[in-house]
Amino acid sequence: MSKTIVFLTGWATDQKIWRPLFSSLSKDLSVKQVSWSNLHSSQDIDKRVVELITNLNPSDSVTLVGWSLGSITALKAASIYQDKIDQVILFSSTPRFLKDAASDLPFGWTKKSLEAMKDNLALNQGKTLASFYQKMFTKKEREMPFFESFIEEYTPRSLRQQDLQLGLDYLMETDIRDSLHNIKKPTHIIHGKQDKIISIHAGKWLLNKLSNSTFHQIDSGHLPFFTKSHQCAEILLQALHKEV
């Protein structure tokens, strides 16, 4: 039996974002990634994850690692393919990006704020992305050398406007709260306590809704595996070791 780990990234980023974790992974792991580029519809995001999972060897031990938007796709896949996925590791996670004040999920972005971001993206993509990347880090983190490294080395050089808009559509449309009860496999939730993109309360909400979950609070913003890579790598390796 081979061990496969599938990384699902967030909005406005690509596979480079996971580099800080890769050096800690064992060479006997098969690493897979899914790209959100060249999308034709917001549904393509889930379709690409489904295609990858269904094409894996049935005997493989599969771990899904999702961050931000990718955490939503990971949860959705785990709720459907219980027999194919052995565990889930979530960074900065939520089952629904928009807040739902009428329910027990009152934290998240408003529909109005996400629509405004879509409009700003159309008017000035560079400025909108720069503002978003800033918000991913705390004030203290933005003063550290790794912030400049992130901007220069880890952000995509070119992003299609259509892919970005469809990614925001996905965040606006997707709500998987009603499917969470299907997830029985171990789920490890890792969240920055100063996350300004997805509140840590969303991660704690998930902890209470998933029957087999653990929670790790990190002193970071939206990118714990980048700003606290050693601490997050240790959690990741412990989860992989337990799963074996």
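Modeller: Let's start with the second largest pocket, lined by Trp109, Met117, Asn120, Leu123, Asn124, Lys127, Thr128, Ser131, Phe132 and Lys135. Please keep in mind that this is a predicted model.

Colleague: What makes these residues count as lining the second largest pocket?

Modeller: A lining residue has an atom within 4 Å of a pocket point, so Trp109 and Lys135 are among those that qualify. Helices H4 (111-123) and H5 (125-135) are the elements that each give two or more residues, and H5 gives the most, with 5. The pocket's volume is about 170 Å³.

Colleague: How do the residues of that lining divide into nonpolar, polar and charged?

Modeller: There are 4 nonpolar, 4 polar and 2 charged residues. Lys counts as charged, so Lys127 and Lys135 belong to the charged group.

Colleague: And what is known about the largest pocket?

Modeller: The largest pocket holds about 250 Å³ of space. Of its 21 lining residues, Thr13, Trp36, Ser37, Leu159 and Asp163 are the closest to its centre. Helix H8 (residues 161-173) supplies the largest share of the lining, 3 residues.

Colleague: Which residues make the contact?

Modeller: Leu69, Ile72, Thr73 and Lys76 of H3 meet Gly167, Tyr170 and Leu171 of H8. These divide into 4 nonpolar, 2 polar and 1 charged.

Methods. Residues numbered from 1 in each chain as written. Predicted model: local features only at pLDDT ≥ 70, side-chain atom pairs only at ≥ 80, totals over all residues. Heavy atoms only, no water. 1 Å grid on protein atoms, 1.4 Å probe; cavity = no way out; pocket = protein on both sides within 12 Å on 5 of 7 lines; lining within 4 Å. Points joined across faces, edges and corners; volume = space filled by probe spheres on them. Helix = DSSP H or I, 4+ residues; strand = E, 2+ residues; numbered from the N terminus. Contact = heavy atoms within 4.5 Å.
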